[in-house]
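Thanks for making time for this.

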Amino acid sequence: MAEFPNVGNHCSFETCKQLDFLSFVCDNCTKTFCLEHKFPDTHSCSLEFATSTNKKYEGVRSYNCVYDNCDKRELLPVVCEKCHLNFCLSHRHPQEHKCTKLEVKEEKCQTALHVQKILESKQSKQDGKKPKKASKTAAKVALMKMKMKATGEKGTPETEKVYILIYLPKTLSLAAKPMYFSKTWSFGRIIDFVASSVQMKNENNTGSEKKLRLFNHESGRLLPMEKTLDSLLSEEVIFSGSSVILEYVTTECSQLDNTEDYKT
């Protein structure tokens with residue numbers, strides 16, 4: 001193996017003398033050392049050639065890594081911004097030294113997420129809202145029965161028909177009415193058609209305090225007057241075969257409570 005006697009420097013530490021191609025010069029004694037003896041305390045620096053003072057050096061010679069079983073040191077401090085402890089370059093990131101502050105933050109996030117899921121679950125139960133898949137299946141079952149008895153505007157194309165079970169206002173004491181409508185109709189037009197069909201009072205176009213509005217039977221939420229059947233079918237808010245409630249309410253009402261009181 002070829003040797004390169006003129007390349008690199010021998011370590012000045014008496015018991016070492018290792019040839020090092022990347023040697024280090026001590027700032028205090030100006031001697032050359034290998035990687036293992038580069039720090040003043042590892043080569044028992046005498047400080048006899050120190051430019052500032054000949055007194056015993058009492059400052060920080062290096063910064064130890066506090067990570068378990070790590071004996072690395074750095075010439076400059078490497079402080080974690082979360083736990084404010086000193087580490088080597090290999091363990092400087094919070095994930096690499098298993099930072100306790102990072103674990104606490106992640107644990108809090110997981111706890112908050114768990115609490116949020118519980119609250120959402122409770123709210124869903126309070127709303128009486130079924131999952132979309134369950135609502136869609138229930139609507140398909142109801143649709144088969146509804147088609148046999150449903151009434152609607154004659155001449156409506158079969159491809160446009162949407163079947164809906166209409167629960168009428170409690171004050172009328174009438175049974176729910178299965179009907180079909182064109183999917184292009186707005187809910188405002190549906191209200192007018194239903195009111196005319198059962199000959200009930202409709203004062204939506206007057207200054208009356210209470211108006212006729214449609215609500216989702218499952219969730220009790222208001223179905224916007226300007227929205228079309230087709231738009232809410234696309235959003236899967238309702239399905240062909242779904243049930244809705246027609247009721248007299250004030251214009252500020254957007255949620256109908258006790259929807260289970262409306263039965264066929």
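This is a predicted model: local features need pLDDT of at least 70, side-chain atom pairs count only at pLDDT 80 or more; totals for chains, interfaces and linings use all residues.

**Overall make-up**

The chain's secondary structure amounts to four helices and 11 strands, where helices (H or I, at least four residues) and strands (E, at least two) are DSSP runs numbered from the N terminus. Residues are numbered from 1 along each chain as its sequence is written, and side-chain values use heavy atoms, with hydrogens and water left out.

Of the 264 residues in the chain, 34% are buried, where buried means under 20% relative accessible area, exposed over 50%, and partly exposed in between, with a 1.4 Å probe and protein chains only. The chain exposes about 17900 Å², and carbon and sulfur atoms supply 51% of that area; accessible areas come from the Shrake-Rupley method with a 1.4 Å probe, and for residues only the protein chains shown count as cover. As for contacts, meaning heavy atoms within 4.5 Å, among those between residues at least 6 apart in sequence, 47% join residues at least 24 apart.

**The cores**

A nonpolar core is a set of buried Ala, Val, Leu, Ile, Met, Phe, Trp, Tyr and Cys residues joined through side-chain atoms within 4.5 Å. The largest one has 23 residues, and Ile166, Phe181 and Leu246 have the most contacts inside it. Strand 8 (161–167), strand 9, helix 3, strand 10 (210–216), helix 4 (229–234) and strand 11 (243–250) each supply at least two of its residues. Which element gives the most to this core? That is helix 3, with five residues.

Leaving aside neighbours within four places in sequence, Leu246 is in contact with several residues, among them Ile166, Ile191, Val194, Met200 and Leu212. A second, separate core of 14 residues includes Leu143, Tyr167, Val249 and Tyr262.

**Aromatic rings**

The structure holds four aromatic pairs. For the criteria, rings of Phe, Tyr and Trp (its six-membered ring) pair if their centres lie within 6.5 Å, and planes under 30 degrees apart count as stacked, over 60 as edge-to-face and the rest as tilted. Phe181 and Trp185 have ring centres 6.0 Å apart and planes at 45°, so this pair is tilted. Phe181 is buried at a relative accessible area of 1%, and Trp185 also counts as buried, at 5%. The rings of Phe181 and Phe193 have centres 6.2 Å apart and planes at 85°, so that pair is edge-to-face. Because Phe181 lies in strand 9 (residues 177–182) and Phe193 in helix 3 (residues 187–197), the pair ties together parts that are 12 residues apart in sequence. Phe181, Trp185 and Phe193 form one aromatic cluster.

**Loop residues**

Ser219, in the loop between strand 10 and helix 4, counts as buried at 8% relative accessibility. The loop between strand 6 (73–74) and helix 1 (100–127) holds His84, and Lys98 is also found in the loop between strand 6 and helix 1. Although not a glycine, His84 has a positive phi of about 65°, and it is exposed, with a relative accessible area of 59%. Lys98 has a positive phi near 50°, again in a residue other than glycine, and Lys98 is exposed at 56%.
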